[in-house]
Amino acid sequence: EMRQSGKGGRAHIRKEAKKKARIERHHGSDRGFDIKTKVQVAGIAQNEDASAMRARETRFAAISTQIRTTENKIERLNRRLDRAEKKGKQEEAEEIEELIEDEESHLDSLESELEELKNEEVKKNPIVTKVIEQAADMMGVKVGSTSTEQVAQMSNEQQDNGSPLFDVDDEDSE
């Protein structure tokens, strides 16, 4: 009776089957992403959200700066208008009045644009939202809640029971 060895042997086949089962158990299609991948995807999504928020803040700052600049220009034009009227330069005063009207119209459109930006719904990346919901659920916190009592209660529960975020399932640590 010859013992089978090498890649075709029963021991090797059993070893490969166990290895495949372990990989399937930890990374199989029915398990979804592993935790490392979930954290990476959540990080990418969070960076996208942060980038979108920075772009929105930049637009807000740019419009606000344009409003201040336009208001300053209108003030300067009003001073010029006063001087032109005092000197009796009617034609120059009329030209300045037209410029003031143009700038006021521009100011109105900037203020409307800023108001639209303020009222614009901020869209969050659904991945970030889902990760936050899952983390909040694990911690027993309502999403969007900032209640001091709820945070204190969560903190006490974590001290009593251990943090659910860092509990490791023995099966996953094989």
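A residue is called buried here when its relative accessible area is under 20%, exposed when it is over 50%, and partly exposed in between, using a 1.4 Å probe and protein chains only. With that in hand, let us start with one residue. Ser 64 counts as buried because its relative accessibility is 16%. Ser 64 lies in helix 2, and its side chain reaches the backbone oxygen of Phe 60 at 2.9 Å. That is a polar contact, meaning a pair of N or O atoms within 3.5 Å; within protein, one must be able to donate a hydrogen and the other to accept it, and residues adjacent in sequence count only if both atoms are side-chain atoms.

Before going further, a word on what you are looking at. This is a predicted model, in which local features need pLDDT of at least 70 and side-chain atom pairs count only at pLDDT 80 or more, while totals for chains, interfaces and linings use all residues. Residues are numbered from 1 along each chain as its sequence is written, and side-chain values use heavy atoms, with hydrogens and water left out.

Now the overall layout. The protein chain has five helices and zero strands, so called because helices are DSSP runs of H or I with at least four residues and strands are runs of E with at least two, numbered from the N terminus. Read from the N terminus on, the elements run α-α-α-α-α. Of the 174 residues in the chain, 17% are buried. The accessible surface comes to about 14,300 Å², and 49% of that belongs to carbon and sulfur atoms; these areas come from the Shrake-Rupley method with a 1.4 Å probe, and for residues only the protein chains shown count as cover. Counting contacts (heavy atoms within 4.5 Å) with a separation of 6 or more, 64% are between residues 24 or more positions apart.

How far can each part be trusted? The guide is pLDDT, the predictor's confidence in each residue, from 0 to 100. The chain has a mean pLDDT of 78, with 71% of its residues at 70 or more. Where pLDDT is low, the predicted coordinates should not be read in detail.

Next, the interior. In soluble globular proteins, nonpolar side chains tend to be buried together. A nonpolar core is a set of buried Ala, Val, Leu, Ile, Met, Phe, Trp, Tyr and Cys residues joined through side-chain atoms within 4.5 Å. The largest one here has 13 residues, and those with the most contacts inside it are Ile 63, Ile 67, Leu 81, Ile 96 and Ile 100. Helix 2 (35–86) and helix 3 (90–119) are the elements that give two or more residues to this core. Helix 3 gives the most, with seven residues. Leaving out residues up to four places away in sequence, Ile 67 touches Leu 107, Leu 110, Glu 111 and Leu 114.

Which charged pairs should you look for? The structure holds three salt bridges, each a side-chain nitrogen of Lys or Arg within 4 Å of a carboxyl oxygen of Asp or Glu. In one of them, Lys 73 pairs with Glu 103, with the closest N and O atoms 3.4 Å apart. Lys 73 is in helix 2 and Glu 103 in helix 3, so this pair ties together parts 30 residues apart in sequence. Lys 73 is partly exposed at 36% relative accessibility, whereas Glu 103 is buried at 15%.

Glu 120 meets Arg 56 with the closest N and O atoms 4.0 Å apart. That pair links distant parts of the chain, with Glu 120 in the loop between helix 3 and helix 4 (126–139) and Arg 56 in helix 2, 64 residues apart. The side chains of Glu 120 and Arg 59 also form a salt bridge, at 3.8 Å from N to O. Because Arg 59 lies in helix 2 and Glu 120 in that loop, the pair ties together parts 61 residues apart in sequence.

Finally, Asp 49 is also in helix 2. With a relative accessibility of 14%, Asp 49 counts as buried.
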